[in-house]
Amino acid sequence: MPSSGNRTLTCLRAPDLKVVFSGGAGVDHVLTLPGLPDVPLVRFVDRSLTTRMSEWVVMNCLMHLRQHRAYEARAKAHVWEDLSQPEAADVTVGVMGLGILRLDAIRKLGVMGFKTIGWSRSKKVIDGVETFDGDELDGFLAKTDFLVSLLPLTAETKGILNASLISKLSRKGPFGAPVLINGGRGGSQVSMDIIAALQSGLLGGASLDVFEQEPLDSSSPFWDLDNVYVTPHVAASSDVKALFVHAEQQMDRFESGLPLEHLVDRKAGY
Ligand code: NAP
């Protein structure tokens with residue numbers, strides 16, 4: 001992301017913008033651009049990006065389910081030892097954020113056998129999935145063994161993954177302690193709270209693709225904590241070719257007088 005000075009310049013250099021395109025599915029970095037003109041803002045929605053996010057979500061749920069870290073440690077120590085083996089159906093995956101990315105992820109988690117529930121600002125109806133709206137967060141957390149966040153970063157979701165939320169997660173799952181998986185935005189995390197919960201055993205594990213500060217500092221405890229998978233904001237990277245095809249399609253629509261798709265609600269922040 002360019003420095004704020006460069007970011008101001010970017011907007012000033014293009015004074016007659018009709019539409020602004022975000023280079024990613026998230027728009028938090030665009031909405032904070034100084035001098036952002038009051039024109040429609042379109043975010044990136046792409047089949048391949050959606051399917052790669054599902055791969056990351058399913059892979060991480062499976063790695064925690066199959067206690068992959070523990071087996072890796074045993075293999076390194078040449079220890080032949082089996083662990084308990086619950087199946088996916090014993091685990092309820094709670095997905096926070098039921099937008100574009102959720103349908104594919106929830107469907108693929110279901111194929112693997114996981115029970116899925118979901119939480120979003122407005123109530124959603126998804127076949128076979130218990131859903132909760134913004135006011136029902138505590139009920140959603142109480143049923144969640146693996147928490148998957150696919151939330152955008154907004155004023156409301158900033159710091160939402162904190163000690164209070166972690167304390168409300170279910171401890172009735174097969175591993176006793178819940179797991180946090182965040183592929184949304186790092187600004188939703190309170191790193192200190194998550195680290196403390198992992199150290200105390202309140203959280204049994206985590207998979208974090210995004211961080212409050214990126215790149216993650218080499219001294220961060222996240223790198224070395226047991227049962228924590230760190231990836232460098234690559235759960236679903238934007239493919240540049242697909243991004244240009246998407247922008248071209250929207251420009252064609254705009255020039256033909258058709259409504260733009262995937263418009264950002266600036267007031268809601270996503
Ligand atoms: P989306 O279609 O805009 O969906 C956002 C979802 O979050 C909606 O269901 C929305 O609720 C819900 N939400 C927003 N604010 C909320 C709040 N305060 N309380 C409860 N629910 C709230 O977004 P998407 O395409 O699924 O993408 C989600 C985010 O993933 C992006 O914003 C981006 O930050 C992140 N992302 C990360 C990567 C990566 O590589 N790590 C890649 C792509 C995307 P409603 O349905 O009620 O509106």
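## Aromatic pairs and nonpolar cores

W119, F132 and F140 form one aromatic cluster. This is a predicted model, where local features need pLDDT of at least 70, side-chain atom pairs count only at pLDDT 80 or more, and totals for chains, interfaces and linings use all residues. Numbering starts from 1 along each chain as its sequence is written, and side-chain values use heavy atoms, with hydrogens and water left out.

Searching the whole structure turns up four aromatic pairs; rings of Phe, Tyr and Trp (its six-membered ring) pair if their centres lie within 6.5 Å, with planes under 30 degrees apart called stacked, over 60 edge-to-face and the rest tilted. Here are two of them:

| Pair | Centre to centre | Angle between planes | Class |
|---|---|---|---|
| W119 and F140 | 6.4 Å | 25 degrees | stacked |
| F211 and F222 | 5.7 Å | 55 degrees | tilted |

W119 sits in strand β4 (residues 115–119) and F140 in helix α6 (residues 137–142), 21 residues apart; helices (H or I, at least four residues) and strands (E, at least two) are DSSP runs, numbered from the N terminus. W119 and F140 are both buried, as are F211 and F222, where buried means under 20% relative accessible area (1.4 Å probe, protein chains only).

Now for the cores: sets of buried Ala, Val, Leu, Ile, Met, Phe, Trp, Tyr and Cys residues joined through side-chain atoms within 4.5 Å. The largest nonpolar core has 28 residues, and C61, V93 and F114 have the most contacts inside it. Its largest share, seven residues, comes from α3. A second, separate core has 27 residues, including L141 and V228.

How values were computed
Buried means under 20% relative accessible area, exposed over 50%, partly exposed in between (1.4 Å probe, protein chains only).
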